[in-house]
Amino acid sequence: MKKKNKVSKFDFTENHLPSTRYEVFSDCLKINKTLLVRLGFRLMLFCLPLIISSMLMDVSVSTLQEQYLNGEVELAAIYSTINSFNLINIILWGLVGVGCAGCFKVVRRLIWQEPIFINNDFFDGIKLNCKPFALIFMCVGFAIFVSTSTYTNTSGEWLVQNLSIFTSLIFLLPILIIMMGLYNVYNITFKEAIYNSLIIYIKNLFQNLLMTLIIALVFGLVIISGALKYLLFFILPLFIVPILMVGIHLYLCYLFDIHINQKSYPDYVDKGIHRRK
């Protein structure tokens, strides 16, 4: 006996389409969970070299710490190892940026409610923006290298040791994130990306710092979680980062609507959102 097909109890109308960015975000999580996991898997492949390098650094530092306690090596050997790994990781951060270029392209089409062919769109995003995204993420890697080298090679006050970390979080990170959004939405030059990022950062300083705080809290789990951080190394790119990208891109589109789209790209205003009249 054939089973009867289930029929929806209500007709789907335009009123059921997302009318706010929050509803777009909610719909992405409810309807496209599988797509986001598939996207996370692709991102994971680009993160693996950095993850492996970070794990090797932890093992090397742990071994050197035991040797230091036994008087076999000096403290400088530990600092030198950390700095060496972080210097190598600058290139590996660039590889993560290449993967994020593909992810951002898919996320943009997702929140704009455009048809998605995940492999084609992912590699198209890499083809279009691999260079600027790699450069942006290498800047992140360089900031980490400077922060750790400053910390390990300075014997001054706590504020002096952590000045580079504060500078990276408060100034560099939000500007780089805005630049990624600009490259993903518009066809712009590097000079235009820098200029517009600075303007948007300054004019929406509080919101941008709040965004930075949320991102820092998410990735800060790796620092405070101890042994569990190795599990988080895989959970973050697979499940958390794709969701975070959706939220970040929706926020950036809100900023772009205010500062760019209303004057220069009116067709982009509220794209993917069906405002109720």
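This dialogue explains how to read several features of a predicted model.

User: What share of the residues is buried?

Analyst: A residue is buried under 20% relative accessible area, exposed over 50%, and partly exposed in between (1.4 Å probe, protein chains only). Of the 277 residues in the protein, 45% are buried. As for the surface, accessible areas come from the Shrake-Rupley method with a 1.4 Å probe, and for residues only the protein chains shown count as cover. The protein exposes about 16,300 Å², of which carbon and sulfur atoms supply 67%.

User: Which residues have the most contacts inside the largest nonpolar core?

Analyst: A nonpolar core is a set of buried Ala, Val, Leu, Ile, Met, Phe, Trp, Tyr and Cys residues joined through side-chain atoms within 4.5 Å. The largest one here has 66 residues, and Ile111, Met245, Val246, Leu252 and Phe256 have the most contacts inside it. Several elements give two or more residues to this core, including helix H1 (21-31), helix H2 (33-69), helix H3 (75-111) and helix H9 (229-264). H9 supplies the largest share, 16 residues. Apart from this core lies another, of six residues, among them Val61, Ile78, Ile82 and Phe85.

User: Which residues does Met245 touch?

Analyst: Contact means heavy atoms within 4.5 Å. Not counting residues up to four places away in sequence, Met245 touches Leu43, Cys100, Cys103, Phe104 and Val107. For the protein, contacts between residues at least 6 apart in sequence can also be sorted: 72% of them join residues at least 24 apart.

User: How is the packing of two helices described?

Analyst: Two packed helices are described by the angle between their axes and the distance between the axes. Axes are lines fitted to C-alpha atoms, for helices over the stretch in contact, and angles run from 0 to 180 degrees between N-to-C directions. The axes of H2 and H3 come within 9 Å and cross at roughly 175 degrees. Angles under 35 degrees count as roughly parallel, over 145 as roughly antiparallel, 65 to 115 as roughly perpendicular and the rest as oblique. H2 and H3 are therefore roughly antiparallel to each other.

User: Is Lys105 buried or exposed?

Analyst: Lys105 is in helix H3, and it counts as buried because its relative accessibility is 7%. Leaving out residues up to four places away in sequence, Lys105 touches Asp121, Asp124, Gly125, Leu128 and Asn184.

User: Where is Asp58, and with which residues is it in contact?

Analyst: Asp58 lies in helix H2. Neighbours within four places in sequence aside, Asp58 is in contact with Lys229 and Tyr230. Asp58 and Ile82 are 24 residues apart in sequence and 8.7 Å apart in space, C-alpha to C-alpha.

User: Which value does phi have at Gln113?

Analyst: Gln113 is found in the loop between H3 and H4. Its phi is positive, about 55 degrees, although Gln113 is not a glycine. Gln113 is partly exposed, with a relative accessible area of 39%.

How values were computed. Residues are numbered from 1 along each chain as its sequence is written. This is a predicted model: local features need pLDDT of at least 70, side-chain atom pairs count only at pLDDT 80 or more; totals for chains, interfaces and linings use all residues. Side-chain values use heavy atoms; hydrogens and water are left out. Helices (H or I, at least four residues) and strands (E, at least two) are DSSP runs, numbered from the N terminus.
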